[in-house]
Amino acid sequence: MDRGKRPNKFVSSRNNKIYMDLKDVIREHTLPFLPAKSLFKAQGVCRDWKLQISTPFFAHNQSLSYQAISGVFCQNPGDAPSFISMDPKSCGVPDPSLKFLPEPVDIRASSNGLICCQGHTGAKAYYICNPVTKQWKKLPNTNADHGRDPAVVLVFEPSLLNFVAEYKLISAFPSVDFDNATEFEIYSSSEGAWKVSGEICFASKELVSRSGVHADGVVYWQAKTHGIVAFDLAKDRSQLIQGYYHHGRNTILGMINGKLCCTYANGNSIMVNVLSNIYSNTMQMHSHARTWEEKARFFIDSSVLGGINYDLVVVLVVCCNVVLFQVGRKILCYDMKTKETKVLCSAAESDVRCVSYVNSLVYI
């Protein structure tokens, strides 16, 4: 045998080592930052990755590392839910209609990979589920009547110390004892029970049921007439925020970089304003402090409108530096970082309701 053609065992060993080192680097520093659908695909790469991704520790790490918006769950009245992905190749759920739940449901809220739904039958129970893992939990019956279209907000913030999700569900409901007043009931997963707060917000009137947003320990809802009702979870106190940009059905609340934002369509533009000073209405006269500051403004290209009236532009979701809005039957996404707009769906109904979703492996 020609010595020049002998296999170089040293080179082969070194290449194998580089390959193994690369797999370890990807496993430790890349996999936890991927959405769940991509991770299910990655399980087929090798046995080590499959075992790693299947562990509760990895699911916990991924829920901490990946918190970008992956898409939206949409639902029309009377229909089953559906899912629109920001990137169908990497983000998705196995059962978008949530048929793994024991009854048909309406989607009410979402938070960092968890979805809150409400059943159609009996006491219309609340369910908390992870659409990726199909894990779900039925909550006990409430103490108060939350109404036909409850104003609920789900709050789940992944914690390094909690391997199983600890979350709260907050409902703002009309007081039965006082006119034009709002009360609050909170479910805590750590306590496994509902509790009606002693706080009553007398300054508020009827709330917009699906307007609730959580930002930095405070839950906010739009009032149908004027202002925003804020409920501080730690202090168990409420407040009515004035100086709110209200443009009817074209206005929604959202969260950007941990701050409350107000977004609305105005002609061919969409405005995003961030809450900067909640106490501006109590400042001294001639103070330059403002309740809201403009975060972003972008214009809708006439080619996107396709002859549709500007007044029919509806903002759907604002979070993670993206704005989802509807023009006719199209649902579009504007990225505030890249300044790019893309079409996510071209067959949406006019009265569709949407909640944002994070493709997470979080355990319930």
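Predicted model: local features only at pLDDT ≥ 70, side-chain atom pairs only at ≥ 80, totals over all residues.
Let's start with the aromatic rings. The structure holds 12 aromatic pairs. One of them joins Phe 184 and Trp 221 in a tilted arrangement, 5.9 Å centre to centre with 35 degrees between the planes. That pair links distant parts of the chain, with Phe 184 in strand β9 and Trp 221 in strand β12, 37 residues apart. Phe 184 also pairs with Phe 231, and here the rings are stacked, at 4.3 Å centre to centre and 15 degrees between the planes. Phe 231 sits in strand β13, so this pair ties together parts that are 47 residues apart in sequence. Elsewhere, ring pairs connect Tyr 126, Tyr 167, Tyr 187 and Trp 194 into a cluster.

Phe 57, Phe 163 and Val 164 make a nonpolar patch of about 310 Å². Phe 163 belongs to the loop between β7 and β8, and its relative accessible area of 41% makes it partly exposed.

Next, helix α4, residues 56–65. Its buried residues are Phe 58, Ala 59, His 60, Gln 62 and Ser 63, and their cover includes α2 and α3.

Last stop, Ser 90, in the loop between β2 and β3. With a relative accessible area of 15%, Ser 90 counts as buried, because the cut-off is under 20%. Its side chain makes a polar contact with the side chain of Asp 87, at 3.0 Å. Thanks, all!

Terms used:
Residues numbered from 1 in each chain as written. Heavy atoms only, no water. Helix = DSSP H or I, 4+ residues; strand = E, 2+ residues; numbered from the N terminus. Buried < 20%, exposed > 50% of the residue type's maximum accessible area, 1.4 Å probe, protein only. Polar contact = N/O pair within 3.5 Å; in protein donor to acceptor, adjacent residues only side chain to side chain. Contact = heavy atoms within 4.5 Å. Patch = residues over 30% accessible without salt bridge, like charges linked within 9 Å, V, L, I, M, F, W, Y side chains within 5 Å. Areas by Shrake-Rupley, 256 points an atom, 1.4 Å probe, with all protein chains shown as cover. Salt bridge = Lys/Arg side-chain N within 4 Å of Asp/Glu carboxyl O. Phe/Tyr/Trp six-rings, centres within 6.5 Å; stacked < 30°, edge-to-face > 60°.
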